[in-house]
Amino acid sequence: MKRFIGFIKKEFYHIFRDKRSLFILFGMPVAQIMLFGFAITNEINNVDIAILDHSKDTYTQEIINKISASKYFSVQQYIANESSIESVFKKGKVKAVLVFENDFSKKLIKENLAKVQIITDATDPNTAQTISNYTNAILQNYQKELNKNVETPYQIITQTHMNYNPELKSVFMFVPGVMTIILMLVSAMMTSISITREKELGTMEILLVSPLKPIQVIIGKVVPYIFLSVINAIVIVLLSIFIFKMPVQGSLFLLGIESVLFIITSLSLGILISTISATQQTAMMISLMGLMLPTILLSGFIFPIASMPLPLQIISNIIPARWFIIILKGIMLKGVGLLFIWKETLILIGMTLFFIGLSIKKYKIRLE
Amino acid sequence: MGISVKHISKSYKKVNALKGISFEVKPGELFGLIGPDGAGKTTLFRILTTLLFADQGTASVSGYDVVKDYKSIRNSVGYMPGRFSLYQDLTVAENLEFFATIFGTTVKENYDLIKDIYIQIEPFKNRRAGKLSGGMKQKLALSCALIHKPKVLFLDEPTTGVDPVSRKEFWDMLKRLQQTGITILVSTPYMDEAALCDRIALIQDGKILQIDTPQGIVKHYPKKIFNVQADNMYELINLLKDYAHQYSVYPFGEFVHYSDKRADFNTADLQSYLTEKGLKDIAIETTKATIEDTFMELAK
């Protein structure tokens with residue numbers, strides 16, 4: 001036991017003396033959460049639009065007021081004719097142009113039908129789609145207001161309720177994803193690098209020719225990173241609660257336990273990587289290409305798994321992050337207990353045992 | 001119960017690193033493996049320290065088999081690899097303490113053993129190991145290899161890249177360590193260090209050329225050897241190599257070591273040959289064969 005503690009002490013020396021890695025270790029989670037929370041978002045806010053109003057009457061004015069009153073749009077400019085539409089788009093200032101036809105009010109009253117055209121800059125298709133949806137919604141609302149006193153014979157009213165994230169904040173979606181990525185990165189990459197560093201610098205040779213058992217070396221390598229990863233997880237959860245007002249509906253205790261489980265899964269992957277790579281560089285490449293990319297792309301963090309082609313859906317099953325994200329979303333947003341996520345938990349436990357077993361089998365007690 | 005190596009062979013993908021090597025090291029002996037780079041010294045060390053499997057043959061270290069009893073060996077030997085293999089970001093004291101801890105001992109307990117060596121680097125004990133000079137690094141590595149009082153000490157080229165003064169100090173330490181009863185197997189490419197061992201094995205291309213005491217080994221040189229000197233060293237070597245009766249010509253410091261094929265070789269003949277070719281200040285005198293001469297001869 002004394003040997004083991006001595007070993008862990010040495011690991012902490014390594015970690016705390018490598019200022020650059022330490023900075024990455026603790027700077028990255030904060031930077032990533034901030035980036036995803038503030039900058040990278042699917043929501044639209046204050047999108048600049050232009051108005052081409054051919055009729056300039058009370059109704060169009062009211063609609064324009066409603067639109068500019070919403071926090072989603074700000075009316076940037078009024079243009080006078082169709083030919084300017086192209087030029088304002090080309091300048092890139094506005095993302096959409098609203099065109100009201102001639103005699104909008106007259107037509108609305110006489111014919112019960114008036115037309116508004118929404119032209120969007122679809123170089124960014126997602127934003128264009130969102131803009132058109134939002135504009136439509138505003139127009140629908142206005143229409144309902146106009147029809148308040150009129151009995152319409154048939155009506156289907158949709159009542160949409162956005163469960164678990166009523167304001168559709170994208171940060172709610174990103175926090176579980178970012179947390180998964182960070183834990184994966186810190187745990188898997190850092191451990192694999194720290195084990196291969198011993199190989200590369202030749203110190204592994206001396207460790208092997210010592211009474212330390214391989215399992216002691218490995219656990220000794222892993223323990224400091226469990227500690228660091230837990231700190232990272234706490235930082236991320238605190239940031240998301242206090243800065244992004246993200247609720248944690250479920251039990252914090254369960255969240256902690258599940259996070260530790262995922263950390264151990266990632267660490268076992270890190271150990272596995274270190275057994276198959278001889279240099280720090282290889283370990284880093286394998287961690288980045290083999291873990292980070294699939295974690296970002298195939299875990300359902302950014303792209304929904306259900307809309308992936310079937311082969312990718314199947315592959316996504318072996319990505320530990322996929323299951324952890326389900327667990328995180330369940331606990332944080334839906335407030336579920338273990339009863340609803342036992343399957344995912346079991347999968348993670350199974351994966352961990354598999355990786356550890358494989359690493360032990362592959363771990364070399366000699367140099368060959 | 002020192003070290004026993006029997007018919008050890010080892011080959012990597014393309015290279016036959018060791019070709020059926022056998023030798024014995026007696027307990028308490030300072031045994032040197034002398035050979036050029038690529039001779040197979042490091043491979044042999046790794047087999048004896050249980051880091052590699054031999055393809056063929058058996059070996060034992062203080063009575064333990066290197067394959068079966070590898071755990072016992074790992075508990076009782078000290079190993080200093082050829083490359084500096086300590087933690088560069090740990091200080092001198094931390095490195096020493098770490099190795100003491102993982103071997104289940106303390107620096108205090110075995111301080112006597114390393115005192116002579118460690119005292120020289122103690123003034124720098126708070127310096128990171130990576131910032132030490134070459135000689136100091138080796139002293140620290142030796143201290144770390146010794147801290148658990150090993151029965152057998154393996155030193156793979158401990159003085160390569162170390163300045164001459166530190167090299168001498170290092171060997172003085174080895175001699176003192178030997179007094180405490182530790183069996184030492186040391187490898188070196190430097191022939192002058194060979195003379196300091198009890199016995200040496202000359203090794204080349206995975207084969208042992210000769211095993212003997214340093215005094216004994218030079219007797220294997222079959223010819224009389226001469227120091228030849230002249231005003232133009234380069235010309236001298238070329239002329240000697242062109243000389244019909246030459247047996248061997250090796251530059252050796254300020255001299256050229258020369259031996260002749262003929263049993264009735266007369267230095268006057270050579271003198272006149274060289275004068276004829278225009279060399280001046282020629283001096284020829286008999287000398288003793290060195291380990292290097294013997295090695296070159298055996299390696300032919």
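## A four-stranded sheet in chain A

Two strands are taken to pair if DSSP finds at least two bridges between them, and on that basis chain A of this predicted model contains an open sheet of 4 strands in the order β2-β1-β3-β4, with mixed pairing.

Helix α3 of chain A (residues 58-69) touches β1, β2 and β3 (96-100) of chain A, and its direction makes about 140 degrees with that of β2(A). Helix α4 of chain A (residues 83-91) touches β1, β2, β3 and β4 of chain A, its direction making about 135 degrees with that of β2(A).

## Domains of chain A

Chain A is divided into domain 1, made up of 8-40 + 169-362, and domain 2, which covers 47-146. Taken over C-alpha atoms, the centres of domain 1 of chain A and domain 2 of chain A are separated by 47 Å.

## Nonpolar cores

The largest nonpolar core has 150 residues, of which V178(A), L48(B), F154(B) and I184(B) touch the most other members. Helix α7 of chain A (residues 170-201) gives the most to this core, contributing 18 residues. If residues up to four places away in sequence are not counted, V178(A) touches Q32(A), I33(A), F36(A) and I236(A). Apart from this core lies another, of 16 residues, including I49(A), A50(A), I51(A) and I119(A).

In soluble globular proteins, nonpolar side chains tend to be buried together.

## Contact between the chains

Across the interface, 22 residues of chain A are in contact with 23 residues of chain B. On the side of chain A that touches chain B, α1 (2-17) and α8 (203-208) of chain A each supply at least two residues, and α1(A) gives the most, with 8 residues. Sorted by class, this side of chain A has 9 nonpolar, 5 polar and 8 charged residues.

## Chain B and its helix α3

Chain B has 11 helices and 14 strands, and its C-alpha trace spans about 70 × 45 × 35 Å along its principal axes. Of the 300 residues of chain B, 44% count as buried. Where contacts in chain B join residues at least 6 apart in sequence, 70% of them are between residues at least 24 apart.

Helix α3 of chain B (residues 92-102) is largely enclosed by the rest of the structure, because 8 of its 11 residues are buried, a residue being counted as buried if 20 or more other C-beta atoms lie within 10 Å of its own. The buried residues of α3(B) are V92(B), N95(B), L96(B), F98(B), F99(B), A100(B), T101(B) and I102(B). These buried residues pack against α4 (111-121) and α5 (134-146) of chain B, together with α1 of chain A, the helix that also gives the most to the side of chain A that touches chain B. After α3(B) comes G104(B), whose phi is positive, near 70 degrees.

Terms used: Residues are numbered from 1 along each chain as its sequence is written. Chains are lettered from A and ligands numbered from 1 in the order in which they are written. This is a predicted model: local features need pLDDT of at least 70, side-chain atom pairs count only at pLDDT 80 or more; totals for chains, interfaces and linings use all residues. Two residues are in contact if their C-beta atoms, placed from the backbone, lie within 7 Å. Ala, Val, Leu, Ile, Met, Phe, Trp, Tyr, Cys and Pro count as nonpolar, Asp, Glu, Lys and Arg as charged, and the others, Gly among them, as polar. Domain bounds come from an automatic or database domain assignment. A residue is buried if 20 or more other C-beta atoms lie within 10 Å of its own, exposed if 12 or fewer, and partly exposed in between; C-beta atoms are placed from the backbone. Axes are lines fitted to C-alpha atoms, for helices over the stretch in contact, and angles run from 0 to 180 degrees between N-to-C directions. A nonpolar core is a set of buried Ala, Val, Leu, Ile, Met, Phe, Trp, Tyr and Cys residues joined through C-beta atoms within 7 Å.
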